[in-house]
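Good morning. Please have a look at the structure on the screen, and then I will go through two parts of it.

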Amino acid sequence: MTVVLTLVSHGATTASLRAAFPADDSLLDNKVPMMAPAGWRSRHCICSPMAACLQMAQHFGLQARVEPDLRDLDHGRWSGIEIAAVAQSTPEALELWVNQPAFRDHGGESRDQLADRMAAWLDRVASDGNHVVAITHSAVIRSIVCRVLGAPPTAFWLIDIAPGTVTDLRHDGRRWALRRLNCAG
């Protein structure tokens, strides 16, 4: 049986417009993306416990179950701070964060930790057998795509997931495959 996983990136937030490290940001009212396809309402829907994802589920009219593993990458003490400000105050730390997937001196989660969390979560979804619609964050989706493609950790920065886009994956009982990436609805 084929498992279908539809990953939806939440819409724009203040942090995304300010080029800041995300915190638990709300969606911008005027930046809510597309309407959910009718078929999503009959699917198993889950979402990150963070505000933007909960608001997306509500916007789509979905009864989504909260899935803690879909939470965003924890940016620790950088949460809510503009990336340019971190680059100015601690450029070495920011460079390490970008170049070393195990870096977590900012008091948050490393990209390696996110990758491990997403690998375990994907294994659970693969054994579920449902078409799952998951509303989550761009970092989560990038980590999942890297995992599915067997890409090195450096590929994380080469994948652009825009707000309000859809990425589809399929699992055939043996492996995941990327069906579409970063599509508008």
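I will start with the strands and then turn to the aromatic rings.

Keep in mind that this is a predicted model.

First, the strands. Strand β2 covers residues 44-47 and pairs with strand β4, residues 131-136, in the parallel sense, over four bridges. Within that pairing, H44 stands opposite V132 in β4. β2 also pairs with strand β3, residues 65-66, again in the parallel sense, over two bridges. Here C47 has V66 in β3 as its bridge partner. What kind of unit do β2, helix α2 and β3 make? With α2 at residues 51-60, they make a right-handed β-α-β unit.

Now the rings. How many aromatic pairs does a search of the whole structure find? The search finds six. Take F21 and W97: their ring centres are 5.1 Å apart and their planes stand at 75°, so this pair is edge-to-face, the cut-off being over 60 degrees. The two residues come from distant parts of the chain, 76 residues apart, with F21 in the loop between α1 and β2 and W97 in helix α4. Are they buried or exposed? F21 has 2% relative accessibility and W97 has 8%, so both count as buried, which means under 20%.

W97 also forms an edge-to-face pair with W78, at 6.0 Å centre to centre and 80° between the planes. W78 lies in the loop between β3 and α3, 19 residues from W97. W78 is buried too, at 7% relative accessible area.

Finally, ring pairs link F21, W78, W97, F103, F156 and W157 into a cluster.

How values were computed. Residues are numbered from 1 along each chain as its sequence is written. This is a predicted model: local features need pLDDT of at least 70, side-chain atom pairs count only at pLDDT 80 or more; totals for chains, interfaces and linings use all residues. Side-chain values use heavy atoms; hydrogens and water are left out. Two strands pair if DSSP finds at least two bridges between them. A crossover is right-handed if, with the strands pointing away from the viewer, the path from the first strand over the helix to the second runs clockwise. Rings of Phe, Tyr and Trp (its six-membered ring) pair if their centres lie within 6.5 Å; planes under 30 degrees apart count as stacked, over 60 as edge-to-face and the rest as tilted. Buried means under 20% relative accessible area, exposed over 50%, partly exposed in between (1.4 Å probe, protein chains only).
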